[in-house]
Every structure is written in C-alpha cells, then in structure tokens.
Amino acid sequence: MTPPALRILVTGATGQLGFELARELAPFGHVVATDRTQLDLADPDSIVTALRVHAPQVIVNAAAYTAVDQAEREPERAHAINAIAPGILADAAKRSGALLVHYSTDYVFDGRQADPYDEDAPTNPQNVYGRTKLEGERAIAHSGATALVFRTSWVYASRGRNFVLTMRRLARERDELRVVADQRGTPNWSRTLARASARLVAGGLPWLRERAGLYHLTSTGTTTWYDFARAIVNDATANLSHDVAKPRVVPITTAQYPTPAARPANTALDGRRFAQAFGVALPPCDDALAECLSGIDDNDA
C-alpha cells in the first residue's frame with residue numbers, strides 16, 4: 001500500500017542540499033520549499049510563523065550556517081542558526097506531532113581518531129561551526145521530539161559555491177593548485193544525500209518514527225582534499241588538447257594553509273548503522289563524484 005501524501009516543509013531550499021531535497025521529496029507529498037526570505041533560521045519568530053502557516057507533518061531542516069571560517073568571526077549568528085533554531089524546530093515538531101529531519105556535520109569530531117567515526121564516538125569539535133552544530137544536535141535530543149539527525153561530510157553539488165566547482169574553475173585559471181593533503185574524509189554529493197533521504201520518506205511516517213535517532217549519512221570510501229582535487233581537475237581537463245598544459249595539483253600540509261577555523265585531520269564517518277536501519281546503501285564516493293561531474297558543463301563551473 002502506498003503511504004498517504006505528506007505535508008513536507010524544507011528549509012534552506014536554495015542551498016546545495018535543500019535544493020536537491022525539494023526535488024527528490026516532491027513525489028511523496030506537498031513540499032513547501034522555503035529559503036531565507038520565507039523562513040529565516042536566525043529569526044525565531046520567522047520559524048514559528050512558517051510552521052504555523054504550513055503545518056507540516058515532516059520538517060526537513062537543510063539550512064545551516066556553513067561558512068566555517070566566517071563562523072569564527074560571527075559566532076553569535078552561527079549559534080542562532082545552527083544551535084538555537086534546531087531546538088525551536090524540534091520543540092514545534094513535538095507540539096504538533098511532526099517528524100523532524102535534521103542534517104549535521106562531521107566537524108563535531110576532533111579528527112584524532114584513525115578509523116571512521118561511528119555514532120557513539122566521543123565528540124570534540126575544534127571550531128565554532130562544529131560546536132554550534134553539536135549544540136543543535138543536543139537541542140533536538142533535549143526536546144524529546146521524534147527526529148532523525150543525519151551527520152554527513154564534505155558536501156558538494158553541481159550548483160552554488162563548493163569545492164568541486166571551485167577546483168573546476170581554478171583548473172582553467174591557474175597553472176598550479178596547492179591543496180591540503182593531510183585532511184581525510186568522505187565527499188558527499190548533495191543529490192546522493194537527497195535521494196537517500198527521499199527513499200526513507202517513501203517508507204511512511206510510522207516506519208520512520210520507529211527508527212528515530214542519530215545516524216551517519218555518508219557515501220563509502222575516503223580521500224584527502226588533495227586527491228579529491230586531482231580527480232576533479234583530471235575530469236575538467238580530460239578533453240584539453242595535448243599541446244595545452246594542464247594545471248599541476250601540489251600537495252601541501254594544513255600548516256602551510258592556515259585558516260581562521262581549525263580543521264580536523266580525519267572526519268571519515270562510519271555509515272553502517274544507517275544502512276542496517278533503513279536498508280539503504282549510499283554509493284562509493286568515487287562513483288557519486290563521477291555521476292555529478294558527468295552532468296556539469298565546463299561553462300557553468
């Protein structure tokens with residue numbers, strides 16, 4: 001039997017993940033896709049008003065303050081969006097009986113563990129972004145709302161501003177790209193994350209409620225920013241003629257590329273709990289990247 005159509009509200013619908021979620025969730029109900037002008041997570045009144053007007057059965061929070069370095073200069077705004085807003089969404093979800101789906105980050109970990117992190121691993125964020133995202137997770141848990149919290153990592157898309165599109169652009173503009181080689185993690189295509197999320201919603205609310213909790217939503221496989229960049233640049237320059245020099249990708253250390261926010265050395269996530277609970281396996285990160293790159297026009301990057 002097909003589950004009944006749902007009223008679904010998606011925040012951050014112009015962002016990398018929110019854009020894909022709004023499209024992938026459309027077959028399963030009436031989707032209200034909101035951007036900052038319609039639902040501003042920094043404004044509690046905006047949140048409450050939007051939820052009252054739309055009365056969603058499923059709240060999908062794909063919005064976040066994701067400017068990791070800028071968060072060091074704007075900790076109050078990062079805290080409002082990443083920590084306070086999820087708690088408000090969760091409280092509203094509990095009062096109305098809605099299900100909350102929320103996306104968090106690998107940056108809740110300090111990166112000192114050699115193996116991929118599972119959901120029970122100790123958290124120890126090293127920057128404002130990671131700390132505020134962890135506070136958001138805790139606010140949701142404290143609310144008692146029925147919620148699915150998905151940690152993911154290194155999100156990219158074929159639109160917007162992200163590592164993939166930046167590397168493709170720089171490959172056309174520069175002779176040499178210096179990229180950090182001592183930070184390891186798993187790149188995740190926003191469309192892959194949205195597809196997996198939509199498959200869960202297709203199971204219906206009762207099935208989802210039974211599986212409420214914290215999960216790592218991630219492709220399999222790991223890489224470094226350097227190797228990730230090499231794969232992107234190789235694809236972007238594959239069709240260049242032999243007499244055109246291709247840019248060199250040069251590995252550097254984190255110390256050689258200082259940033260306002262500290263970056264953990266290893267934030268690979270273990271996604272086995274998610275796969276076991278939902279019967280959904282995300283593709284290897286190399287396969288997801290290849291599919292994403294195949295749909296990008298060089299003139300658009």
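Predicted model: local features only at pLDDT ≥ 70, side-chain atom pairs only at ≥ 80, totals over all residues.
1. The lining of the largest cavity is made up of nine nonpolar residues, one polar residue and no charged ones, where Ala, Val, Leu, Ile, Met, Phe, Trp, Tyr, Cys and Pro count as nonpolar, Asp, Glu, Lys and Arg as charged, and the others, Gly among them, as polar. The residues in question are L25, V60, V101, Y103, L148, F150, S197, L200, V201 and L208. A cavity here is a set of points, on a 1 Å grid over the protein atoms alone, where a 1.4 Å probe fits but cannot get out, whereas a pocket is an open set with protein on both sides within 12 Å along at least five of seven lines; lining residues have an atom within 4 Å of a point.

2. Residues are numbered from 1 along each chain as its sequence is written, and side-chain values use heavy atoms, with hydrogens and water left out.

3. The largest cavity has a volume of about 50 Å³, a volume being the space filled by probe spheres set on the grid points, which are joined across faces, edges and corners. Strand β4 (99-105), strand β5 and helix α7 (190-201) each supply at least two residues of its lining, and the largest share, three residues, comes from α7. Helices (H or I, at least four residues) and strands (E, at least two) are DSSP runs, numbered from the N terminus.

4. The second largest pocket holds about 200 Å³ of space. Of the 19 residues that line this pocket, T218, S219, T220, G271 and R272 are the closest to its centre. Helix α10 (residues 272-278) gives the largest share of the lining, three residues, and the lining as a whole divides into nine nonpolar, eight polar and two charged residues.

5. Which residues touch the most other members of the largest nonpolar core? In this core of 29 residues they are L41, I47, L51, I59, L89 and L100, a nonpolar core being a set of buried Ala, Val, Leu, Ile, Met, Phe, Trp, Tyr and Cys residues joined through side-chain atoms within 4.5 Å. Helix α4 gives the most to this core, with eight residues. A second, separate core of 28 residues includes L17, V58, A194 and V201.

6. L89 lies in helix α4 and counts as buried because its relative accessibility is 0%, where buried means under 20% relative accessible area, exposed over 50% and partly exposed in between (1.4 Å probe, protein chains only). Leaving aside neighbours within four places in sequence, L89 is in contact (heavy atoms within 4.5 Å) with L41, I47, L51, I59, N61 and L100. L89 and L100 are eleven residues apart in sequence, and their C-alpha atoms are 7.6 Å apart in space.

7. R151, in strand β5 (residues 147-152), is buried, with a relative accessible area of 3%. Its side chain makes a polar contact with the side chain of E137 at 2.8 Å; such a contact is a pair of N or O atoms within 3.5 Å, and within protein one must be able to donate a hydrogen and the other to accept it, while residues adjacent in sequence count only if both atoms are side-chain atoms.

8. Most residues other than glycine have a negative phi. The phi of A55, however, is near 45°, and the phi of W154 is also near 45°. A55 is partly exposed at 36% relative accessibility, whereas W154 is buried, with a relative accessible area of 8%.
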